[in-house]
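Please look over the charged side chains of the structure below and how they pair. The briefing begins with one pair and then goes on to others.

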Amino acid sequence: MKHKVLLSITGKQSYYDQEPEVMELVTEGTMEFTNGGWDISYQESDLTGLQGVTTTFRVEPDKVTLTRTGPLRSTMEFCVGQSHDSLYQMEFGALMITVTTRHLFFDILPEGGCIDLVYDIEIEKTEGGRVDYHLDIRAVD
């Protein structure tokens, strides 16, 4: 059964030769326990530059998978110390990206929880920087 949640998301993208970009977003979403894991989903907005995209974090005992659907499609898997290749499909083309998980922590309960994720990203085999995500999840039912 899906529950409504309030998500507080902080994302920081650090590129090696630039000042970090920080994005903070508070939005409504849904949370559902299914097939042994949690699905936490929300709609992106103009603020993130991804209008029309649905983002889902799938939290399982050994990994987190971030899936985006809509005008942008991608699936990235995060497991500490491992790298994952993914096709990042946009309306105007596609890029191969590789994510290497540096830190992953999550604590999810029916009433909410949090996800902390830090990963390095390569775009077409070129260093792209580091991404830090922090999600606070709170049930609003």
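In this predicted model, Arg58 and Asp39 join their side chains in a salt bridge with an N to O distance of 3.2 Å, a salt bridge being a side-chain nitrogen of Lys or Arg within 4 Å of a carboxyl oxygen of Asp or Glu. Across the whole structure, the search finds six salt bridges. Residues are numbered from 1 along each chain as its sequence is written, and side-chain values use heavy atoms, with hydrogens and water left out. Local features need pLDDT of at least 70 and side-chain atom pairs count only at pLDDT 80 or more, whereas totals for chains, interfaces and linings use all residues.

**Around Arg58**

- Arg58 is buried, at a relative accessible area of 15%, where buried means under 20%, exposed over 50% and partly exposed in between (1.4 Å probe, protein chains only).
- A network of salt bridges links Asp39, Arg58 and Glu60.

**Around Asp120**

- Asp120 forms a salt bridge with Arg102, their closest N and O atoms lying 2.6 Å apart, and this pair links strand 8 (residues 93–109), which holds Arg102, to strand 9 (residues 112–123), which holds Asp120.
- Asp120 also meets Arg130 in a salt bridge (2.6 Å, N to O), and that pair connects strand 9 with strand 10 (residues 126–139), ten residues apart.
- Asp120 is buried at 13% relative accessible area, whereas Arg102 is partly exposed at 45% and Arg130 is partly exposed at 34%.

How values were computed:
Helix = DSSP H or I, 4+ residues; strand = E, 2+ residues; numbered from the N terminus.
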